[in-house]
Amino acid sequence: MDSLGNDLGAMLVVLGVVFFLVAIFALVVYIFTAIGLSKIANGRGMPGFLAWIPLANTYLIGAVADDINWRGKGQKTYYGLILLIASLVSMVVTIPVGIAAGEGYTSTYMTMMMVTYAISLGLIVINCIAMYQIYNDYAPDSAVLYLILSILFGLSWVFIFIIRNKPSRTLAAAYGYSDGGYAPPPSGGGYTPPPNTTTYGYGGTQAPAAPSNPPYYTNTNAPAQPQPMAPVPPAPVAPPLYPTEAPAYPPTPVYTPPEAPVTNGPELDAPEEPAPNSPEF
């Protein structure tokens, strides 16, 4: 009897330790997922605090995938809404399934179990599609590998945390940045559409024009701008080797005849010449 009590106590201790370790691991997974998802959502102008709320974080994964499809392909998808509804339905159906389980394996219980499995399978498929959209936008070279490891080993929380600081391809294309960076939209709640010239996307409204000078990045290692130099005086102009115009000649003087002299006294008659002497006879 004592040995049975000791064995039962030892088993309870082991179960308690296992439960404690599983709880610590689940907490780490939850924190890492929330940190990575909130950083990605904030960078896209979406409410990142939803990553810390159960069920809302599932919706946020789908909403990020919807935003990626809209910015990158111009397609309106509803992964966020589908994941939220599927999660709520799965939780609601679980309650009557548990009640029916107490009555034995009846036809009602089996039907409800099949419905629960179908909803769970659809939830997993939609979640994998949404996760692949996120991986392909932030880590296109490793998207397939990340998806496979996430399905087989449940490592999506690791990859979400890894890609949180990587640039987004769709945001870079939307804002016209060739270096792969992007400008996080201003915070303040709500969703900010990307700059584009089309009318599709959330709300179907016209998106604003892309900024001409993105303020998102400042290169602290860039060399200082050169200071403006003092203005250089213009070089003196050398005189031409040959005259460009003919020299001006002096004008030709106009001849003016002299005026007649004027006398002050009365005019004197000219003396008469004596007549020649006539011959005497």
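At what angle do the axes of helix α4 and helix α5 cross? In this predicted model, in which local features need pLDDT of at least 70, side-chain atom pairs count only at pLDDT 80 or more, and totals for chains, interfaces and linings use all residues, the axes of α4 (residues 107-138) and α5 (residues 143-153) cross at roughly 145° and come within 9 Å. Residues are numbered from 1 along each chain as its sequence is written, and side-chain values use heavy atoms, with hydrogens and water left out. Axes are lines fitted to C-alpha atoms, for helices over the stretch in contact, and angles run from 0 to 180 degrees between N-to-C directions. To the contact (heavy atoms within 4.5 Å), α4 gives Cys128, Tyr132, Tyr135 and Asn136, while the residues from α5 include Ala143, Tyr146 and Leu147.

The protein as a whole has seven helices and zero strands, where helices (H or I, at least four residues) and strands (E, at least two) are DSSP runs numbered from the N terminus. Of its 281 residues, 27% count as buried, that is, under 20% relative accessible area with a 1.4 Å probe and protein chains only. Among contacts between residues at least 6 apart in sequence, 53% join residues at least 24 apart.

Conventions
Buried < 20%, exposed > 50% of the residue type's maximum accessible area, 1.4 Å probe, protein only.
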